[in-house]
Amino acid sequence: MARDLKFTRNIGIMAHIDAGKTTTSERILYYTGKTHKLGEVHEGGATMDWMVQEQERGITITSAATTAFWNYNGNQYQINLIDTPGHVDFTVEVERSLRVLDGTVATFCAVGRVQPQSETVWRQADKYGVPKIAYVNKMDRVGADFFAVIDEMKEKLGARAVPICIPIGAEDKFDGIIDLVAMKAMIYDHNSEELVNYQVTEIPEKYVDEAAAWREKLVEAAAEYDETLMEKFFEDPDSITEDELIAALRAATIDMAIVPACCGSSFKNKGVQFLLNAVMRYLPSPLDKGAVKGTNPNTGDEEIRESSVKEPFAALVFKIATDPFVGRLAFMRAYSGKLDAGSYVLNTRTGKKERVSRLFQMHSNKQNPIEFVEAGDICAAVGFKDLRTGDTICFEQNPITLESMEFPDPVIGLAVEPKTQKDLDKLGIALAKLAEEDPTFTVKTDHETGQTVISGMGELHLDIIVDRLRREFGVDINQGAPQVNYKEAITQTVQHREVFKKQTGGRGKFADIIVEIGPADEGVTGLQFVDEVKGGNVPKEFIPSVEKGFKSAMANGVLAGYEVPSLKVTLKDGSFHPVDSDQLSFELAARLAFRHACPKARPVLLEPIMSLEVVTPEDYMGDIVGDLNRRRGQINAMDSTIGARIVKAYVPLAEQFGYVTILRTISSGRATSTMSFDHYAEVPAGLAKEVIEKSGYKADDDE
C-alpha cells in the first residue's frame, strides 16, 4: 500500500553560522528516536557533522540528509531532513538543498539576530518558493531577545513574522514557552533528558495579558488571509476554534504570506518538540506543493507531473557524493512515480539509459538499503556512470527535464602540484571526484605554466579541499599563493575582416569573414552569435564553425588570457573558395578574428568584488573604515545595533586575502566579518597593467 504523502515533510534547516542549525538537527534526531544519545557540535560528536573537518572546526561543510519519524495528532509523519552549512563559501550546499525541499526552518540566534548570511539564505529560499518557519534559538544566552529578532525579520527580510509562541523569561531564566494557539504554558525541566521534558500548565499570572495581546495579533494575521475567519474575527474573536486557526495559518504559511515564529534553546533541550509539531502543522507536504513543471526533451512542450505514485517516475539529482564504501552516491528527490532498485532510467541531459543498481535511505553518512523510492521521497542511488548535479532522471517512455540549478562561478584560485611524481595520477582522480561533488569547485590546467589550478568560492572552501585531498585521498601536495579569478570584457563594438589563407602544397586552407564584435546585450552570458550573411557568400555549413571558433577563443582573452564571459558577434559577410574552404578554415579564421579585433574594442580586465559586512565595537570603527579605504573598499552603509556598529562595503577580492587575521589584530579580536561574492567590476587602469604583467600572457597568433 502506498504511503499517504500528506504525512511526509521534506524540510531543511538553514541559517547564519553559529545560529545552532546542527544542534537543532541533533535534537530533532534525538526526540524522534533516531539517535539515543545527544550529539554535541562543540564536542565533535554531532551525527550530521560526520566529516573530520566538520568535527574539528565545529562548522557544517556539506549538507547531510536523514529520515526520521514523529507522532503528531495520532498520525506518524515521515521527516526527510537536510542540515545545511551556514558559511558563505558553501552556499552551493544550501542552494541545491532548497531546490528540492518543500519547507524550511530558518534558525536565528536570539543574540546575533538577523545576520548577513541569514539574509542570503532567506533570499535563496524565496527564489525557490520555499515556505518557512522561523525558530529563534539560544534563548538561554545572555542578551537573548525573541521580540527583537521578530522586529529585525520584518525590517531586514521584509517577512511577515508572526509569533506562534512567546518565551517565559530569557537568558538563565528561560523556563519555557507559551503556546499562543492552545493558550497553554510549557514549563521545561532544566536537567531532564527525557523525551517529554516539560509540563503543560495554565499560563502564569504575570504573562496572561502579554499572551492575550500576542494571540490577538496571531488571530488577526490568520484572519487577514482567510475571509471566513475575518468575518468571525469581527463578530466574536473568541468563537474561532483552534482547528480553524491552525488551518488558516497553515494555508498562509504555504502561500508564503506569513512566517510562523517560535523560540527555544536547542542546546538546553527546550522548544524542540514544539518546533517539530509546528513543522507538521504549518509546513507543506509534497501534495501541498502541487505538481512539478518540466519540459519534454523531445518536443520542447511543457510537461506536468503530480506528486503521485500513479504518475510516471521523475526525479532531480541535487547532489553527488563520493563514499569510500559504496562509490558515487547520487542524492535525488523523487517528484512523481515509483522507482525500484535495479530499474533502468533515462538521464535527459545525456540521453542515455543507466541502471540504478541500489537505492538507499540516508542517515548522515550511513546508508540503509531500500527496495524502491516513491514520489515525495529523498534518497540516494548508486550505479550511475555519468550523472551531474541538476540532472533529471525519468523513465524512457515518459521523458521530462525538470528545471536545473544555476551555480555561481568560482572567484579564487590556487595552484597545486603533487609532492611526488607517483601521486600525479592520484591527484587527477581525487580532483575529478571533488569537482563532480561540488559544482562551485573547478579544476583547470594553466597552458602557460602547466600548473593545475583549483578554483572555489573563498579561502575556507579551498582550505577544506586541500585538507580533503590529504586525508581522504592520501595525496600530499604543494600549493601556491591564492590567486584571483579575473575575467576580461570588451567595451566597444568594432568591425573586422579576417582572411585566412594557407598554401602548403596540395589542397590549401581559405576562409574570409567580415564580423562585428562588441559587448553582449544586457543580461546575456556566453556567446551571442547573429548570422546576417546574405546570398550564400558564406555557405550555411560553415557558419556553425565560425560560431564554434569564437566560442573556443573566449576561453582566453587578449589582455592576460582570462576568460571572456560574454560577447556579441555578428557575421556580416565573407567569401569562400570552392576547393580550399572547409569547416576548420572558418573555425581558425574566427579564432584569429577574435585575437585581432578585440584589442581594437577597448578590452578591460574585470575583478570579483565582494560584499563585506563587519560587526565591530564602536571603539575600532575608525581603524576598520580606514583599513577598508586602503583596500579600495567602497562603504555603502553604517548601522548601529546594541553595543556594536555594522559596516557594509564592497571590496575587491584581490585586497582581501588574510583579512580575517588583520581584522582580529585591528579590533583585538572583537570584530567579526562576513564576505560573499557580489559582482565583477572593471580593474582600475594602473592596477590592470600590473595584473597583466604578472600573468605573463602572450597571445598566440600562429594558430
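**Figure 1. Confidence along the predicted chain.** In this predicted model, confidence in the protein chain is lowest in helix α2 (residues 52-57), at a mean of 46, and highest in strand β11 (residues 259-263), at 92. The score is pLDDT, the predictor's confidence in each residue, from 0 to 100. Helices (H or I, at least four residues) and strands (E, at least two) are DSSP runs, numbered from the N terminus. For the protein chain the mean pLDDT is 81, with 88% of its residues reaching 70 or more. Residues 36-52 stay under 50 in pLDDT, and the model has 56 contacts for them beyond four places in sequence. The pLDDT is also below 50 over residues 54-60, a stretch with 25 contacts in the model beyond near neighbours in sequence. Contact means heavy atoms within 4.5 Å. Where pLDDT is low, the predicted coordinates should not be read in detail. Residues are numbered from 1 along each chain as its sequence is written, and side-chain values use heavy atoms, with hydrogens and water left out. Because this is a predicted model, local features need pLDDT of at least 70 and side-chain atom pairs count only at pLDDT 80 or more, while totals for chains, interfaces and linings use all residues.

**Figure 2. Helices α8 and α9.** The axes of helix α8 (residues 242-254) and helix α9 (residues 272-282) cross at roughly 75° and come within 8 Å. Axes are lines fitted to C-alpha atoms, for helices over the stretch in contact, and angles run from 0 to 180 degrees between N-to-C directions. The two helices, α8 and α9, are therefore roughly perpendicular to each other. Angles under 35 degrees count as roughly parallel, over 145 as roughly antiparallel, 65 to 115 as roughly perpendicular and the rest as oblique. On the α8 side the contact is made by Glu 242, Ile 246, Leu 249, Arg 250, Thr 253 and Ile 254, and on the α9 side by Met 280, Arg 281 and Tyr 282.

**Figure 3. Strand β17 and its partners.** Strand β17 (residues 344-347) is joined to strand β18 (residues 352-355) by four bridges, and the two run antiparallel. Two strands pair if DSSP finds at least two bridges between them. Asn 347 stands opposite Lys 352 in β18. The hairpin of β17 and β18 has four residues between the strands, and in it Gly 351 takes a positive phi near 75°. Two bridges also join β17 to strand β23 (residues 392-394), again antiparallel. In β23, Asn 347 has Ile 393 as its bridge partner.

Figure 4. Nine bridges pair β31 with strand β32 (residues 509-518) in the antiparallel sense. Arg 497 has Ile 514 as its bridge partner in β32.

**Figure 5. Salt bridges.** A salt bridge is a side-chain nitrogen of Lys or Arg within 4 Å of a carboxyl oxygen of Asp or Glu. By this rule the count comes to 25. Lys 509 forms a salt bridge with Asp 582, and the closest N and O atoms are 2.9 Å apart. Lys 509 lies in strand β32 and Asp 582 in the loop between β34 and α14, so the pair ties together parts that are 73 residues apart in sequence. Lys 509 counts as partly exposed, at 25% relative accessibility. Buried means under 20% relative accessible area, exposed over 50%, and partly exposed in between (1.4 Å probe, protein chains only). Lys 548, Glu 587 and Arg 591 are linked in a network of salt bridges.

**Figure 6. The salt bridge of Arg 602 and Glu 682.** The side chains of Arg 602 and Glu 682 meet at 3.1 Å, N to O. Arg 602 is in the loop between α14 and β35 (603-616) and Glu 682 in strand β38 (residues 672-682), so that distant parts of the chain, 80 residues apart, are linked. Arg 602 is partly exposed, with a relative accessible area of 40%, and Glu 682 is partly exposed at 41%.
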